[in-house]
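Walk through this protein from its overall build to its single residues. Keep the viewer open and follow each stop in turn.

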Amino acid sequence: MLRKLELFDIEQIVELHYKSFGENELSIKLGKEFIRIFYESILNSGYSFGYVYVIENKIIAFAMGINDYERFNAYFKSNNLYNILKLIILKLFTFSISINTILNAIIDGKKYTKLRMSNCHLGALGKDLEFEDILVSKKAIRECVGKVIDTFLSSDMNFCWSVCDKSNVGMIKLHYELGFALINEVKQFGRTISVFAINNIVK
Ligand SMILES: CC(C)(COP(=O)(O)OP(=O)(O)OC[C@H]1O[C@@H](n2cnc3c(N)ncnc32)[C@H](O)[C@@H]1OP(=O)(O)O)[C@@H](O)C(=O)NCCC(=O)NCCS
C-alpha cells in the first residue's frame, strides 16, 4: 500500500536508508542521526513531503519530494546546524569522519548551482534491496516516485531534478527509465555526482 510518510515511519526509514544507500553517500558517512534529522525535516519543513510503500507494516520503498529546494535548505540549516556541527565534531574526535566528507558537506550546494530551475527536487529514494519479491519491490519504488512526480505536476511544476553518485548504476538506470536526462557531473572530493533533470514531466 502506498501512503504518505508519517512521523512514526522515521525509525524504519532511517534503518532502510542506512541499509540500502551506498557507502559513497554523504548521508551514510554522516550517519544515522544525520539521516534522522533529514527525514524529520522532510516532514516538518513545509516545503517537502514523502511517500512510502508498506507491506504488513514494513516499509519496502520510499521517495521524498522537495517543492522548494532553497527554502528547504534554509529551513534545514537554520533548524539543524547546531546538531549537525555537534555530530561532525563528535565524529572528528572518534576519527570516524574523513576530511573529504567534511569538504563535501561544505560544497554540497554546488550540485544545483548550474540548474536553470532548482525548486522541484526528487529527493532521497530507495527500496529494500533484500526484499524477497523483486517485482513487488520494483513496483513499490516506482509507485513512490510516481506519486512524488504526480504531486509536482498537480502543483503546476513541470521541472524536476535529482542527483546520485556516478557509480550508482541502479539509480542511473531508473533516472533514464523515468525520462530524466543527465545535465551535469559535479566533481567532489573523492567522488562524482551525476545531476539529472526532467522537463515537462510526462508520465
Ligand atoms: C535506486 C533503486 C531505487 C533502483 O531500483 P530499481 O529500479 O527497482 O532497480 P534495481 O535496484 O533492482 O536495479 C536496476 C538495474 O540496475 C542494475 N544494477 C544495479 N547495480 C548494478 C551494478 N553495480 N552493476 C551493474 N548493474 C547494476 C540491476 O541489475 C538492474 O538491471 P535491470 O533493470 O536490467 O534488471 C534501488 O537500486 C535502490 O533502492 N538502491 C539503494 C538506494 C539508493 O541508491 N538510492 C539513491 C541514492 S541517491
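The tour below starts with the whole chain, then takes the strands, the core, the ligand shell and a few loop residues.

This is a predicted model. The protein chain holds seven helices and seven strands. Along the sequence they follow the pattern β-α-α-α-β-β-α-α-β-α-β-α-β-β. The radius of gyration is 16 Å, close to the 17 Å that the globule rule gives for 203 residues, so the protein chain is as compact as a globular protein of that length. Its C-alpha atoms fill a box of roughly 45 × 40 × 30 Å along the principal axes. Of the 203 residues, 30% count as buried.

Strand 1, residues 2–4, pairs antiparallel with strand 2, residues 48–55, over three bridges. Here Leu2 has Tyr53 of strand 2 as its bridge partner. Strand 2 also runs antiparallel to strand 3, and eight bridges join the two. In that pairing, Tyr51 stands opposite Ala63 of strand 3. Strand 2 and strand 3 form a hairpin with two residues between them. Glu56, in the turn, has a positive phi of about 45°. Asn57 is also found in the loop between these strands. Its phi is near 65°, a positive value in a residue other than glycine. Is Asn57 buried or exposed? Asn57 counts as exposed because it has 6 C-beta neighbours inside 10 Å, and the limit for exposed is 12 or fewer.

Now look at helix 1, residues 10–20. Its buried residues are Ile13, Val14, Leu16 and His17. What covers them includes helix 2 (26–30), helix 3 (32–44), strand 3 (58–66) and strand 4.

Phe62 touches Ile13 and Leu16, among others. Phe62 belongs to the largest nonpolar core, which has 45 residues. Along with Phe62, the residues with the most contacts inside this core are Ala63, Leu125, Cys144, Val145, Val148 and Cys160.

Cys160 takes us to strand 5, residues 159–165. This strand is mostly covered, with five of its seven residues buried. Strand 5 pairs antiparallel with strand 7, residues 192–199, over seven bridges. Within that pairing, Cys160 stands opposite Ile198 of strand 7.

Next comes the ligand. Which residues come nearest? Of the 16 residues around the ligand, they are Gly126, Cys164, Val169, Gly170 and Met171. Strand 4 (121–127), helix 6 (134–154) and helix 7 (169–178) each supply at least two residues of the shell. Helix 7 gives the largest share, five residues. By type, the shell divides into eight nonpolar, five polar and three charged residues.

The place of Leu81 is in helix 4, residues 69–93. Why does Leu81 count as exposed? It has 10 other C-beta atoms within 10 Å, and exposed means 12 or fewer. The C-alpha atoms of Leu81 and Val148 are separated by 27 Å, with the two residues 67 apart along the chain.

Phe95 is found in the loop between helix 4 and helix 5. It has a positive phi of about 55° although it is not a glycine. Phe95 is exposed, with 7 other C-beta atoms within 10 Å.

Tyr112 lies in the loop between helix 5 (99–106) and strand 4. It is partly exposed, with 19 other C-beta atoms within 10 Å; buried would take 20 or more. Tyr112 touches Tyr69, Ser118 and Trp161, not counting residues up to four places away in sequence. Tyr112 and Trp161 are 49 residues apart in sequence, and their C-alpha atoms are 8.7 Å apart in space.

How values were computed. Residues are numbered from 1 along each chain as its sequence is written. This is a predicted model: local features need pLDDT of at least 70, side-chain atom pairs count only at pLDDT 80 or more; totals for chains, interfaces and linings use all residues. A residue is near a molecule or strand if its C-beta atom, placed from the backbone, lies within 6 Å of it. Helices (H or I, at least four residues) and strands (E, at least two) are DSSP runs, numbered from the N terminus. Ala, Val, Leu, Ile, Met, Phe, Trp, Tyr, Cys and Pro count as nonpolar, Asp, Glu, Lys and Arg as charged, and the others, Gly among them, as polar. Two strands pair if DSSP finds at least two bridges between them. A nonpolar core is a set of buried Ala, Val, Leu, Ile, Met, Phe, Trp, Tyr and Cys residues joined through C-beta atoms within 7 Å. Two residues are in contact if their C-beta atoms, placed from the backbone, lie within 7 Å. The radius of gyration is taken over C-alpha atoms; the globule rule is 2.2 Å times the number of residues to the power 0.38.
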